[in-house]
Every structure is written in structure tokens, then in C-alpha cells.
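Here is a friendly walk through the charged pairs and surface patches of one model. Have the viewer open as you read.

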Amino acid sequence: MFLSSGNSYYSVPLTNIIVQCKSGLRLNNPTVKFKLLSYPDLVKIDLMVASSMQEEDIFEEICNKCVLGLVYLPNEQLDYDISPAGIVSHLGNKILHHSRDACNDIPKTFQMLSNH
């Protein structure tokens, strides 16, 4: 999380990957910033899984809700349709993992946030 930005977010580097932005810009090794899913969002995800929704569709829902953009490039957005296969699954899985961790250990999460 970067407190100097005025917004709290997590980030994940996409190492050794070239992605396409909606503006047409191609980026090598971008860092994607995202917010975490809330507890009610995680319950909805569990319902999607229970209803046998395709994993790729679930990850796309997660990315659409949580991906905030690219670090240092506030006006750029990833173009998931043109970027390499697996980007949506990778990002969705990272967001889901970090969101579950934050909800599963509330005291640790509170301590981490109160130290910043």
C-alpha cells in the first residue's frame, strides 16, 4: 500500500510480461494496483463457485471490481482482451488470495493497518 498516494491499495508486479493498454500503449513489466474484496464480496464469490460458474468468469468479475489501474500510469487501463492469456486469472487469484487473508486474520490485518 502506498500512503503517499492518498489511496490505499495493494499491487502486484507482472514480471516478464508485456501487456496492452486500452490506449494502445504496450508495457513491459507493469505493476497493477488493486483494492481488496469486502467480506460480502467474498460471500458472493463463494456463491458463484457453488453455482458452478466458470473460474475465468469469476476472476473477470473480480478484476472488473478491484483493479484500480497501473502504478505510475493513472490514466491507463489494461486491455484484457489483447494482453497475454492468463492475466485475468493471475490477477483475480492474487486479489482473492489477499482478500481472504485479510478477512481470515482480522487482528493481524488491523495491526498491519494501524502501523501504517
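## Ground rules

Helices (H or I, at least four residues) and strands (E, at least two) are DSSP runs, numbered from the N terminus. This is a predicted model, in which local features need pLDDT of at least 70 and side-chain atom pairs count only at pLDDT 80 or more, while totals for chains, interfaces and linings use all residues. Residues are numbered from 1 along each chain as its sequence is written, and side-chain values use heavy atoms, leaving out hydrogens and water.

## Two salt bridges

Side chains of opposite charge can pair when their charged atoms come close. The structure holds two salt bridges, each being a side-chain nitrogen of Lys or Arg within 4 Å of a carboxyl oxygen of Asp or Glu. One of them joins the side chains of Asp41 and Lys65, at 3.8 Å from N to O. Asp41 belongs to helix H1 (residues 39-50) and Lys65 to helix H2 (residues 55-66), so this pair ties together parts that are 24 residues apart in sequence. Asp41 counts as buried at 12% relative accessibility, whereas Lys65 counts as partly exposed at 40%. Here buried means under 20% relative accessible area, exposed over 50%, and partly exposed in between (1.4 Å probe, protein chains only).

Asp46 and Arg100 also meet through their side chains in a salt bridge, at 2.8 Å from N to O. This pair links distant parts of the chain, with Asp46 in helix H1 and Arg100 in helix H3 (residues 87-104), 54 residues apart. Asp46 is partly exposed at 39% relative accessible area, and Arg100 is partly exposed at 27%.

## Another residue of helix H3

Helix H3 also holds Ala102, which is buried with a relative accessible area of 13%. Ala102 and Ser38 are 64 residues apart in sequence, and their C-alpha atoms are 9.4 Å apart in space.

## Surface patches

Patches are made of residues with over 30% relative accessible area and no salt bridge; like charges are joined within 9 Å, and nonpolar side chains (Val, Leu, Ile, Met, Phe, Trp, Tyr) within 5 Å. Leu25, Tyr72 and Leu73 form a nonpolar surface patch with about 330 Å² of accessible area together, from the Shrake-Rupley method with a 1.4 Å probe, where for residues only the protein chains shown count as cover. Leu25 sits in the loop between strand S2 (18-20) and strand S3 (26-28) and is partly exposed, at 34% relative accessible area.
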